[in-house]
Amino acid sequence: MIHHAEHLSIPGRALLDRRQFLSNSATALGSIALTNLLGIDGLLGAESHGPIIDPARPYAPRQPHFPAKAKNVIVIFCAGAVSQLETWDYKPELIKWDDRPLPGGPAVTFQGPAGNLARPQYAFRQRGKTGKWVSDMIPHLAELTDDIAFVHSLTSKSNTHGPAENFLSTGFVLDGFPSLGSWVTYALGSESQELPSYVAIPDPRGVPQNGANNWGPGFLPAAFQGTTMSSKNPVRHLAAAGVSADADQAARSLLQRMNARHLEAHPGDSKLAARIASYELAARMQLSVPEINDLSTEPAHILKSYGADDTQNPDKAAFAKNCILARRLIEKGVRFVQLFNGAYASGGKLNWDGHSDLKAQYDIHAQILDQPAAALIRDLKQRGLLQDTLVVWCTEFGRMPFFQKGAKGRDHNPDGFTCWMTGAGVKPGVSHGVTDELGQKAIEDIHPLYHFNATILHLLGLDFEKLSFEHNGIQRRLTNVEGKVIHNILS
Amino acid sequence: MKLTSFPIYLLFATAVAAAPVDFVRDVRPIFETHCYECHGEKKHKGGLRLDVKEAALKGGDNDGPNIIPGKAKESSLIHFVTSSDEDEVMPPKGERLSAAQITTLTTWINEGAVWPDGVDLVKLKDKSDHWSFKPVKTFTDLHTIDAFIDAKLAEQDLHRSQPADPVSWLRRVTFDLTGLPPTPGEAAAFLKKPDPAATVERLLASPRYGERWAQHWLDVVRYADTHGFEVNTERPNAWPYRDYVIQAFNNDTPYARFIKEQIVGDALGVDAATGFLVTASVLLPGQIGKDEPSKRLARQDSLDEMVTNIGQTFLGLSVGCARCHDHKFDPISAKDYYAMQALVAGVEYQDRELHTPEAVAARERMKQIKTQVAALEKQLSRFVPLAKSGVKRPMITARENVDRFSPSKAKRVRFTIRETNNLEPCVDELEVFNTAGANIALNAAVTVSGEKVTADRHEQQFVNDGNYGNSRSWMSNEMGKGWVMIEFTQEQEIDRVIWGRDREGKFKDRLATSYFIEIADASGTWKTVADSDDRESFDAGKATKPEFATKGIPKEEAEVAGKLRAQKIALEKQLSGLDTTQKVFAGIFRKPDEIHLLNRGDPEQPKEEVIPAVLSTLGDVRLDKQSPEQQRRAALADWIASSQNPLTARVMVNRIWQGHFGVGLVETPSDFGNNGMKPTHPELLDWLASEFIRSGWSVKHMHRLIVLSETFRQSSASNAQAAEKDSDVRLLWRFPSRRLEAEAIRDSMLAISGQLNLKMHGRGYDLFDKRGGLSGFNPVETSTPENQRRMIYAHKVRREPEAVFGAFDCPDAGQSTAARRASTTPIQALNLFNSRFTLDQSEAFASRVKKEAGEDIARQIQRAYQLALTREPTAEELNDTLPNVKKHGLTTLCRALFNSNEFLFQP
């Protein structure tokens, strides 16, 4: 049932090559044994190699490289680039320098001429036991800082949303590389066999700035593509519209018998068996997906705590429902959930791209993000799920300490911004890395996003250098040829 | 870099009065114990190895050279072994070097880092000593594919399987060459008189062949109809390249010619072919940052995509790897990489006009019509009331407004908007006519107050580019206001300005409802010649009147005006029907950028300038740095398309082989380098390559050789004993059956249901509600004749998987797909079982069957099997199916057939 050489590394395959399939006797072994054999031989040892995928059960759980701290992941992805200066990276110096030019600062940034420095647009205060300064923009999330590990010194390779979202999600600025969730589910499969292993939940206001590339499989098998669903839009093609239950069942069982007869006539072909299995899996999904999306079973106090009952703010209520959906997916053992907050480019109206009137727009966006996301983390914690689940909050880059000329918003800044994690394996209440006193550039413990992604893999028990896939002559990795685990934020 | 905590004095203290440090006795043992695990023969972390002199003294990728003879203090090797920073100290794990060891290394370097020749225990692998870089073997005797295959099988004590039954072969070869199943009629004829050679000729002559094989090519070059990245704008003129590829396969264009056309087709009269150069995702001008580093990085990325594409597609080499450092495995230096960039450094990702004879003729006709229209407008203009003449002029319209004034001298014309009906104003075209009736604003210098750019839609230069409509317009960046100024090279006498929001009449928003027009003569004195104040006040609800139909002109004159206007409308209608402006996204060519070697691929760290040249270990084509643009690409094309190039023919015959057997003789079709897989049958690969060249690079000749071989004809049935020896069937002891690709499944369902529309070529049909953009894509679910064309004619939105078939490993056109995976997922099952498409086609299939088979249910079942599976149902199948069809209808069977393994897998 197991597919062979496709899942071996290049060195492994080169060995096969050289020995002409390890001569007659050894080829009889299954590929697991084969991999072991190659491992013993020392060639695979520390080298990279991919997991072995059973085509009949692509989502079957698989072992990590080393014992994992986290089993599942929820990534809260804020599209449009959230300003670090209005949220987590407190810069009192900016208050002093408010409305003065930045000496020696750039004349032109991404969108055009730079204006004067601008103070943080929200008041900051100290929170929790750690006394972390967080802004009033996000009062609910701010209460959780004792549990969070912040990285304030991240950098991106691009100052343009599209390439930068690619970089955050796939480790490459170009289109077409596998996303983090695809890598993770490729490596680890899923604990759930009745739901997609990797679910991407778009914001109720629309798709994020770089769309499907944020959950695309790139050159990994299509099985590891993120499946989109949300509280509003369930998975497509769950049922045949307009077909009676009887006729549907009849077609299904007829197909089963056709395939069984065909398999009998073609014994030993694992691809045929895998395909039959996929229809059985699909049948189970048809039942379990509508169930997971049915929030009517959630008690009123839960809906309230997330803000899902907020009739005044339908976007917030819809995002809150997505947050509840994320929790329900994790409860059922789904490996990787990507929860988007913020939609496509819209002059900052639908996402965090605050170029022109940052404060006014962030007032709206923060309402949608804050309570639901905080409630999600609390809920996970209260149910004990945070012990196994890593929650990541991220955005593609940060924003400049000065306003744009003639505007009340900040331009793109890839040189120093904040993302954070909490939950399984994360050291609570730390702030790692520092930007300069105006918050423009990372100056200490600088971490390109490669490091952040490597750390996520590490928490899942995956070695970012080992997890790789051959594509057009290159053993590709999530972190390209870079990467480093940020140990300071690990428990 | 941080200062080390290591006592500085040690760096300078040479062991006094001791014998000089000896590399073999003193230094190498330290390297062996502490460094070789990561920097030795097996691993070269950071690109550094310390076991071979040549490599060690060159140093690693990032901090090299690491050993600077005589200068221990400046040598990063010493920095790393003495660092106090936990993140950078070497070795990273295990024991640190002792003070004595550090002294030894320091002394050795300060003494000149003497590393005697000939003491190394290992040699650097010669990267150019590799099978695929050696000439293709020549053959004098007669050979057959089967003999090569049999020889390899015999080595493993294996042998070929029995031939497949004739229908299986027919089905297999028909899918393989056309991507469609044989019709029952074709099957019956073949059974009556089995003539494989004639069948293959029939299939190769079918236009369906090019549609099938072009898809394989488009996978490799990552073709799409949008620009990719965040905005994913429509690339409306990409499809002529897709059509070119289909035609090239159908015409059996010699492969060497096919290469040349795609690289330098502009010199060969095949414009659309150079679409190849610009197939990648690209950031359009308005999507790149305004800061210089952003622009440089975007240009580098777009050049990199070209070099990568050329390297992997034609040469099967990952040339792109050398962008940041010398290639780790292949003899491609970073300098080679940039020399290759220099060969394409004059290519820009843009539309170019198609120079086909039809397009040229159409353009000529357009010019004539435009002259006629201009003449008519001039005649009509006398019926347009003069501005500022006291006469009430008609209300502003979104489509077109004429402002006529008495002839005046003008060097500059400024059109200023004071108010709009909403939002920022948008103007699709501003035309200024001289008294001779010519539009002199066309392509004149233009300045604007500001602009809100949507690349390829709203840009300043579109306001006077001669193209009408919203998608070629200027948009101001200010609410309700903005101005456009046109400047002529010399003073002109003008009497009319014509402007509109959308001459195509689709958009009525963003309309200037209050404006004035000023002109300045050569002396620079401005005066207002027209404004909106004497127009009837704007009322969106009111019907707009034609400009010339003014009150108070005599009846006879009004008649004349009416006739003139009718003529004008007729001409304009002709104009919009003319296919004159057909462009192709095939790049434009300009003076090449000066290309520099970039440190670590960073455009902000340029090093020496690089001249255009081909890969130095594989050729010696080097051009002058002044060489003109086209000459560069011509040189590149000639070098690749040469029969002497060891890679070109091998790489292509391997792709063709892969198209027939699912896997190539070389399993890594775009990597023939040291890191790729070796061919399973090297002799066969070389024989095919030499045969390819001998045949005049005929792709169809290769198909004939392959599909008529006994190897291709054998049964796909497995057998346990052989599977034990070669489970992946790489030695071809049976035909390796595989699942059909996404396109073949969709196209075949349509062919079977009788709905397939065989219209070829042209603009792609819609899979989604949008053809590009950033706000998400909703699938089109209703079947129409247009979207029941073959899938290669779908408008391909980059990165957006088609809602039903995308899950069948359809490439997303982000990166190249040299070989498709065939994964199996429950999402595929849901899509294929439940989608509207399947249900619609099942219905259509059922009604076709009823029409062809009549009322008898058994005959209906028979017909359905014939159409979908090219065979009769067995008695058992008939018995099993009959009650089902009786109770639940024929559609149930049709839906099951479309989902059956027998349909989805090649026999």
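Because the model is predicted, local features need pLDDT of at least 70 and side-chain atom pairs count only at pLDDT 80 or more, while totals for chains, interfaces and linings use all residues. Residues are numbered from 1 along each chain as its sequence is written, and chains are lettered from A, with ligands numbered from 1, in the order in which they are written.

Let's start with chain A. Its secondary structure comes to 13 helices and 19 strands; helices (H or I, at least four residues) and strands (E, at least two) are DSSP runs, numbered from the N terminus. Of its 491 residues, 59% count as buried. Buried means that 20 or more other C-beta atoms lie within 10 Å of a residue's own, exposed means 12 or fewer, and partly exposed is in between, with C-beta atoms placed from the backbone. Among the chain A contacts with a separation of 6 or more, 76% link residues 24 or more positions apart; two residues are in contact if their C-beta atoms, placed from the backbone, lie within 7 Å.

Now for chain B. An automatic or database domain assignment supplies the domain bounds, and chain B is divided into domain 1 (9-110), domain 2 (145-205 + 647-725), domain 3 (254-352 + 588-640), domain 4 (357-381 + 552-581), domain 5 (384-525 + 538-547) and domain 6 (742-904). The C-alpha centres of domain 3 of chain B and domain 4 of chain B sit 45 Å apart.

Where the chains meet, chain B puts in 82 residues and chain A 77 residues. Elements giving two or more residues to chain B's side include α14 (292-315), α26 (836-853) and α28 (875-888) of chain B. The top contributor to that side is α25(B), with eight residues. By type, chain B's side divides into 23 nonpolar (Ala, Val, Leu, Ile, Met, Phe, Trp, Tyr, Cys and Pro), 37 polar (the others, Gly among them) and 22 charged (Asp, Glu, Lys and Arg).

Finally, some backbone geometry. Most residues other than glycine have a negative phi, and most peptide bonds are trans. M90(B) and P91(B), however, are joined by a cis peptide bond, with omega about -10 degrees; P91(B) is in the loop between α5 (76-82) and α6 (99-110) of chain B.

D445(A), not a glycine, has a positive phi of about 50 degrees. This residue is in the loop between β16 (442-444) and β17 (447-448) of chain A, and counts as partly exposed because 15 other C-beta atoms lie within 10 Å. R510(B), also other than glycine, has a positive phi near 55 degrees. R510(B) is in the loop between β8 (482-500) and β9 (512-520) of chain B, and is buried, with 23 other C-beta atoms within 10 Å.
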